[in-house]
Amino acid sequence: MAAPAGRGEGVQKQIQQDWVNREYVEIITISIKKITDFLNSFDLSCRSKLAVLNEKLTTLERKIDYLEACVTKGETLT
């Protein structure tokens, strides 16, 4: 017994729409992965740069502490 022509076309349209939806979901998934990769890379880059700045600030703070101690004691810088 063959299925009515209208029913077969309906099933075919559903299958085609399903594939369109799957392709759309795949595109979105790939885009989200790219954004995630970028954000992770950006995070690592920022952390590295902030660590370098932190080291520089620590060095400057130590120099300022030393200079303040010298000035408090009335020593001259030589």
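Here is a short tour, from the overall fold down to single side chains.

This is a predicted model, where local features need pLDDT of at least 70, side-chain atom pairs count only at pLDDT 80 or more, and totals for chains, interfaces and linings use all residues. Residues are numbered from 1 along each chain as its sequence is written, and side-chain values use heavy atoms, with hydrogens and water left out.

**The overall picture**

The chain has one helix and zero strands; both kinds of element are DSSP runs, numbered from the N terminus (helices are H or I with at least four residues, strands are E with at least two). That helix, α1, covers residues 5-73. In total the chain exposes about 7,600 Å², with 61% of that supplied by carbon and sulfur atoms. Accessible areas come from the Shrake-Rupley method with a 1.4 Å probe, and for residues only the protein chains shown count as cover.

I28 sits in helix α1 and is partly exposed, at 33% relative accessible area.

**Two rings together**

How many aromatic pairs does a search of the whole structure find? The search turns up one. The pair is F38 with F42, and the two are stacked, 6.0 Å centre to centre with 20° between the planes. For the rule, rings of Phe, Tyr and Trp (its six-membered ring) pair if their centres lie within 6.5 Å; planes under 30 degrees apart count as stacked, over 60 as edge-to-face and the rest as tilted. F38 and F42 both lie in helix α1, four residues apart, or about one turn of the helix. F38 is exposed at 53% relative accessible area, while F42 is partly exposed at 47%.

**Salt bridges**

Side chains of opposite charge can pair when their charged atoms come close. A salt bridge here is a side-chain nitrogen of Lys or Arg within 4 Å of a carboxyl oxygen of Asp or Glu, and the count comes to two.

| Salt bridge | N to O distance |
|---|---|
| R22 and D18 | 2.7 Å |
| R47 and D43 | 3.0 Å |

R22 and D18 are four residues apart in helix α1, so about one helical turn separates them. R47 and D43 are also four residues apart in helix α1, so about one helical turn lies between them. As for cover, D18 is partly exposed at 31%, D43 is partly exposed at 33%, and R47 is exposed at 55%.

**Cysteines**

The structure holds zero disulfides (a disulfide is a pair of cysteine sulfur atoms within 2.5 Å). C46 is partly exposed, with 28% relative accessibility, whereas C70 is buried at 5%.

Key. Buried means under 20% relative accessible area, exposed over 50%, partly exposed in between (1.4 Å probe, protein chains only).
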